[in-house]
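Hi there,

Here is the structure I promised to pass on to you. Have a look at it first, and then read my notes below.

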Amino acid sequence: MAATIETAVGMSNMLQFMKLIGQLKRVPRTGWVYRNVKKPESVSDHMYRMAMMSLTITDPTVDKDRCIKLALVHDMAECIVGDIAPSDNISKAEKHRREEASDQLHLNTIDSVFSK
C-alpha cells in the first residue's frame, strides 16, 4: 500500500514538473521582445534548437551527450522566474538566486520520481 501511495505522489510530482516545463512554450525570448521582433521564439524553441545543434556536433573531443543535456535544462528556471535579460536591471546575484530556487524545485521533483 505504501509503495502505491509513493508511486502516486511521484507521478503527481512528475505531472507538475511537466506542466511547468510545458509553460516554456509560452515564454517568449525577452531579447527578441525588446527588439520588437514579431512572433519571437519561445524559450522552449531556443532549448530545442540548442539540443539539436548539440546532437549534430561532430567534434570527437566534445561530450555530445553532456551538451544535449545542458541544452535541455539550461533555461528550465525560466518557466518560473521568466526570461531575465541584462536590460531588466536585475543584479546577477538576484538573477542567480531566483534561478537557483527554481532549479531546486525542479530537482526535488525529479528526485522524488527517480529515487524510488
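**What I found**

Asn-36 sits in the loop that runs between helix 2 (30–34) and helix 3 (43–55); helices here are DSSP runs of H or I with at least four residues, numbered from the N terminus. Before I go on, please note that this is a predicted model, in which local features need pLDDT of at least 70 and side-chain atom pairs count only at pLDDT 80 or more, while totals for chains, interfaces and linings use all residues. Residues are numbered from 1 along each chain as its sequence is written, and side-chain values use heavy atoms, with hydrogens and water left out.

Most residues other than glycine have a negative phi. Asn-36 is not a glycine, yet its phi is positive, at about 60 degrees. With a relative accessible area of 68%, Asn-36 is exposed (exposed means over 50% relative accessible area, buried under 20%, and partly exposed in between, with a 1.4 Å probe and protein chains only). Lys-39 is also found in the loop between helix 2 and helix 3. Its phi is positive too, at about 50 degrees, although Lys-39 is not a glycine. Lys-39 counts as exposed, at 82% relative accessibility.

Ser-42 caps the N-terminal end of helix 3, with a side-chain oxygen 3.3 Å from the backbone nitrogen of Ser-44. Helix 3 itself has 13 residues and spans 18 Å from its first C-alpha to its last, close to the 18 Å expected at 1.5 Å a residue (the expected span is 1.5 Å times one less than the number of residues).

Which residues of helix 3 are buried? They are Val-43, His-46, Met-47, Ala-51 and Ser-54. These cover an arc of only 135 degrees around the axis, which puts them on the same side of helix 3; the arc is taken from the directions from the helix axis to the C-beta atoms. Helix 4 and helix 5 are among what covers these buried residues, where contact means heavy atoms within 4.5 Å.

**The nonpolar core**

The largest nonpolar core has 9 residues: Met-14, Phe-17, Leu-20, Leu-24, Val-27, Val-43, Met-47, Met-76 and Cys-79. By a nonpolar core I mean a set of buried Ala, Val, Leu, Ile, Met, Phe, Trp, Tyr and Cys residues joined through side-chain atoms within 4.5 Å. Helix 1 (2–22) and helix 3 are the elements that give two or more residues to this core. The largest share, 3 residues, comes from helix 1.

**A network of salt bridges**

Side chains of opposite charge can pair when their charged atoms come close. A salt bridge here is a side-chain nitrogen of Lys or Arg within 4 Å of a carboxyl oxygen of Asp or Glu, and by this rule the count comes to 3.

Glu-41 forms one of them with Arg-29, with the closest N and O atoms 3.5 Å apart. Glu-41 lies in the loop between helix 2 and helix 3 and Arg-29 in the loop between helix 1 and helix 2, so this pair ties together parts that are 12 residues apart in sequence. Glu-41 is buried, with a relative accessible area of 15%.

Arg-29 also meets the side chain of Asp-75 in a salt bridge (3.8 Å, N to O).

Arg-49 forms a salt bridge with Glu-41, the closest N and O atoms being 2.5 Å apart. Arg-49 counts as partly exposed, at 38% relative accessibility. Together, Arg-29, Glu-41, Arg-49 and Asp-75 are linked in a network of salt bridges.

**A closer look at Asp-75**

Is Asp-75 buried or exposed? At 9% relative accessibility, Asp-75 counts as buried. Its loop runs between helix 4 (64–73) and helix 5 (78–81). Leaving out residues up to four places away in sequence, Asp-75 touches Leu-24, Arg-29, Val-43, His-46 and Met-47. The side chains of Asp-75 and His-74 are joined by a polar contact of 2.9 Å (a pair of N or O atoms within 3.5 Å; within protein, one must be able to donate a hydrogen and the other to accept it, and residues adjacent in sequence count only if both atoms are side-chain atoms).

Best wishes
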